[in-house]
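Keep the sequence and the structure in view as you read.

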Amino acid sequence: MSFSGLKAFQECEAEAVAVMNGEWDRQATFSPSTIEAMNAGSYVHKSFENEQALDEFKQKHQGDMFTKTGNLKSQFQIAEKMVLTLKKDPLFQNIYKGAKELEVFGEINGIEFHGFLDCLNLEKNIFIDIKTIRGSIYEKEWSESEHRKMHWIESRKYLWQMAIYQELLRQSDDERVGKNIQPVIYAITKETFPDSAGITIPQDWLDDALIEVQEATNKYIEVLNGRVPVHCGRCNYCKANKYNTHTISLTELL
Ligand SMILES: [Zn+2]
């Protein structure tokens, strides 16, 4: 299991199970602009991994990065600006050091988990995750499950991700890895004037997030043990597999 797998399972059990069984290709449902934005996000990450990783990315995505006339596509122009912003951000330059793209493994609630750390800085006892975001670093988004607006770090379940990675690092048998490594979310925005910030999270929020992760894995275990996965009714998978048999009241849509 991974953070993104668990998040997908929490959003729609039926879709996540169909993806795991190879019956549904979620990537194929993404719009070209979404894919371009995802690739531009990867470009920002690769720019700070190492030169070889960046070169490999450029070679692989040459067709995606440039227009027919040979200019950088708009999302990649923005990505370039984001990279420049981080290159002149003194805090980022000071802390984004150490092992890059490091895979970590462990077990949560009896389920094997793995994750990728963008950067593990053992000198400062932190790990860093770069998040490229469309809005401002203050942006709040509507959360369907919570029925309220939440900060994007909360609504996108990044607290889960940081709690999972912290727990996997806690389980590391590498003696150089401390037992209470703190996450830093390094946000970089796609605004006309890109903003950047290194964001820490109170430990008790991470502790609560890890409890939520354990609760979510309990539901996953139920499905592994034979419970029928719940359809959210709203995602592309559910819409593609919907067979109406009766009318619904407007009150159910409010
Ligand atoms: Zn669904």
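Q: Which residues have the most contacts inside the largest nonpolar core?
A: This is a predicted model, where local features need pLDDT of at least 70, side-chain atom pairs count only at pLDDT 80 or more, and totals for chains, interfaces and linings use all residues. Residues are numbered from 1 along each chain as its sequence is written, and side-chain values use heavy atoms, with hydrogens and water left out. A nonpolar core is a set of buried Ala, Val, Leu, Ile, Met, Phe, Trp, Tyr and Cys residues joined through side-chain atoms within 4.5 Å; buried means under 20% relative accessible area, exposed over 50%, partly exposed in between (1.4 Å probe, protein chains only). The largest core holds 40 residues, and those with the most contacts inside it are Phe113, Phe127, Ile164 and Leu169.

Q: Which helix supplies the largest share of this core?
A: Helices (H or I, at least four residues) and strands (E, at least two) are DSSP runs, numbered from the N terminus. The largest share is nine residues, and it comes from residues 158-170, helix H9.

Q: Which residues does Ile164 contact, leaving aside neighbours within four places in sequence?
A: Contact means heavy atoms within 4.5 Å. With those neighbours set aside, the partners of Ile164 are Phe3, Ile108, Phe113 and Val213.

Q: How many residues are in the second, separate core?
A: Among its members are Val44, Phe48, Phe57 and Ala79. The count for this second core is 22 residues.

Q: Is Leu168 buried or exposed?
A: Leu168 sits in helix H9. Beyond four places in sequence, it touches residues including Val104, Phe105, Ile108 and Phe113. Its relative accessible area is 1%, so Leu168 counts as buried.

Q: How far apart in space are Leu168 and Glu107, C-alpha to C-alpha?
A: Glu107 is one of the residues that Leu168 touches. In sequence the two are 61 residues apart. In space, C-alpha to C-alpha, the distance is 7.2 Å.

Q: Why does Ala8 count as buried?
A: Ala8 lies in helix H1 (residues 3-11). Not counting residues up to four places away in sequence, Ala8 touches Ala16 and Arg26. Ala8 counts as buried because its relative accessibility is 13%.

Q: What is the radius of gyration of the protein chain?
A: The chain has eleven helices and seven strands. The radius is taken over C-alpha atoms, and the globule rule is 2.2 Å times the number of residues to the power 0.38. That rule gives 18 Å for 254 residues, and the chain's value is close to it, so the chain is as compact as a globular protein of that length, at 20 Å.
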